[in-house]
Amino acid sequence: MTAMTMETTDRQVAVRLLAGTGRALVDHTATFGVLTIPSENDPAWATLISEAVSASGLLGRGGAGFPSAAKWNAVRRSGRQPTVVVNAMEGEPASRKDRTLLSYAPHLVLDGAEVAAAVIGASEVVVCVAHDNETAAVAVTHAVAERQRAGAARCKISVVRPPGRYVTGEESALVSWLGRGAALPTVRIDKSVPLEVARRPVVVHNAETLSQVALIARHGPDRFRRLGTPEAPGSTLVTVSGAVRSPGVYEVELGTPVIDILHRAGLDSELSGALLGGYGGAWLAPALLATPFAPAPLKAAGATLGVGIIIALPAGSCGLSETARIARYMAGQSAGQCGPCVYGLPDIAADLEWLATGRTDPRLLERIQARASAIEGRGACRHPDGVIRLVRSALNVFADDAKAHADGRPCRGHAAPTVMTFPDDSAVARRPS
Amino acid sequence: MITRHRVALRARVDPVACDAYGYCAEILPERVTLDEWGYPIIDGAPLDADLVDLATRAAAECPRRAFLLERVASDR
């Protein structure tokens, strides 16, 4: 396949996060204003900020949508000195939002990280940028040095480069890499118990989440809530790709209809659907493209916001073939720890490839559903569950196609080139389409 | 009034540790079935009293120590 280029320059509709005019500290301060963080422990300030973030209704932008302030409360209760981890791994191949943010507004992310550190009493911030993401790493490393030169750094900030695999961005895997150098997800019975590195609690925040924290700390929760909906307040970053003229990262109000976001990115053709959330996300049928881009409405439509990915599938493309490619890629991204993920994902990917090419098999759809049920919920992390969500949504949204394919009548779209993005070194990218 | 909470046990598998030896399904077929890849699917409902000995044995026999018993509050 041809690697899709995603131009991000001059295409953002800057509302808040992408309002900056330059990445230098002086530009940052000119755009967003000075942020005052107490250098000494200040419980009154910490409580004020924690309550502001809580009142803002900010949900994490890393995919799970966890309330950001709740993470702080869990760690503050632990009574041990914590570390703030900035998760800018962005392992979703179709996502560009965190690297865009780090490249355009690194100081906004660092501001948010320092706010979080000051609130929970951390003296250290660790920014994680994937090993293969040089541009963002250079930008954030430069920004850290700039803050130190300006005497503006309030705590120790380091930039580390974990391997750029899909699962490394999963927070328990990331913390495992920081602690013991192996990016393996761990079993977590109770997710309210903080993760630890070297017996110290860590709070992991997605990079975009922290940039939102930086603005809430400056302007308070009411301004944040002026955008978005009461249930899903604020703006968010969306990476749009596929059948649009201007793929890239857009800042949108939560609750904006998906179709409006697609139009902003230059949609000018019929679609056979859209992939929402990421490669562990779900398909949205053409009739549901007016669904508001917010967690609850997307869930009701059988989709998910995930990490803010929208991929427009052009009419004439085959959703089942695209799903097969994604399933094969995701099978290869397993951390290799849990049997149902290690053995189940390749098997279900093979089923989908079989279905995509239209080989007649009356039991095929039944087998895919049975395997989906057997795999779901049986991994240490949610990696296999995401794949299953995507597979089920494909069989639902493209149900007529699936029936025709299983009857030996594959659609012409099977031969169309993929609109998905795969890392150059993945088996899917090497395979001729 | 004093409410007595009995403690019940339920089975769970550590999916990372499990290597599909399958002993648990041999010992406790009442609560464990194997998927097509040989990994256990566990019924995690509280164990009836007559299954506790077998479940304890399944936990002890697991070569990977992946078959776990955990306490749950039960009002039965």
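**A helix and its surroundings**

Tutor: Helix α12 of chain A, residues 319-332, has 14 residues, and at 1.5 Å a residue it should therefore span 20 Å, which agrees with the 20 Å between its end C-alpha atoms. The coordinates behind this comparison belong to a predicted model, and that applies to everything that follows. Because 13 of the 14 residues of α12(A) are buried, this helix is largely enclosed by the rest of the structure.

The domain assignment of chain A gives domain 1 as 25-225 and domain 2 as 319-415. Taken over C-alpha atoms, the centres of these two domains of chain A are separated by 35 Å.

Chain A has an open sheet of five strands in the order β3-β2-β1-β5-β4, and its pairing is mixed. Its edges are formed by β3 (156-160) and β4 (195-197) of chain A, each of which pairs on one side only. On average, and with direction ignored, neighbouring strands of this sheet are turned by 35° against each other. Within it, β1 (residues 83-88) and β2 (residues 124-129) of chain A run parallel and are joined by five bridges, and Ala88(A) has Val129(A) as its bridge partner in β2(A).

Two helices can be followed against this sheet. Helix α5 (residues 106-120) of chain A lies across β1, β2, β3 and β5 (200-206) of chain A, at about 150° to β1(A). Helix α6 (residues 134-149) of chain A touches β1, β2 and β3 of chain A as it packs on the sheet, and its direction makes about 165° with that of β3(A).

Leu110(A) lies in helix α5 of chain A, and it counts as buried because 29 other C-beta atoms lie within 10 Å, where 20 or more are required. Leaving aside residues up to four places away in sequence, Leu110(A) touches Ala143(A), Val144(A), Arg147(A) and Ile157(A). Although Leu110(A) and Ala214(A) are 104 residues apart along the chain, their C-alpha atoms are separated by 8.3 Å.

Another open sheet of five strands in chain A has the order β7-β6-β10-β8-β9, again with mixed pairing. Here β7 and β9 (282-284) of chain A each have a single partner strand, so one side of each is left without a neighbour in the sheet. Neighbouring strands of this sheet are turned on average by 30° against each other, direction ignored.

Strand β7 (residues 248-253) of chain A stands at an edge, yet six of its six residues are buried, and it is mostly covered. A hairpin connects β6(A) to β7(A) through five residues. The two strands, with β6 of chain A covering residues 235-242, run antiparallel and share six bridges, among them the one that pairs Thr236(A) with Val252(A) in β7(A). Strand β6(A) also pairs with β10 (residues 309-314) of chain A, in this case in the parallel sense and over four bridges, with Thr239(A) opposite Ile309(A) in β10(A). Helix α15 (residues 383-397) of chain A lies across β8 (271-276) and β9 of chain A, running at about 25° to β9(A).

Finally, there is the contact with the other chain, which takes eleven residues from chain A and nine residues from chain B. Helix α13 (residues 339-356) of chain A gives the most to the side of chain A that touches chain B, contributing four residues. By class, that side of chain A has six nonpolar, four polar and one charged residue. Chain B itself has two helices and four strands, arranged along the sequence as β-α-β-β-α-β. Of its 76 residues, 25% are buried, and among contacts in chain B between residues at least 6 apart in sequence, 67% join residues at least 24 apart.

Methods. Residues numbered from 1 in each chain as written. Chains lettered and ligands numbered in written order. Predicted model: local features only at pLDDT ≥ 70, side-chain atom pairs only at ≥ 80, totals over all residues. Buried ≥ 20, exposed ≤ 12 C-beta atoms within 10 Å, placed from the backbone. Contact = placed C-beta atoms within 7 Å. Nonpolar A, V, L, I, M, F, W, Y, C, P; charged D, E, K, R; others polar. Domains from an automatic or database assignment. Expected span 1.5 Å × (residues − 1). Pairing = 2+ DSSP bridges. Axes fitted to C-alpha atoms, helices over the stretch in contact; angles between N-to-C directions.
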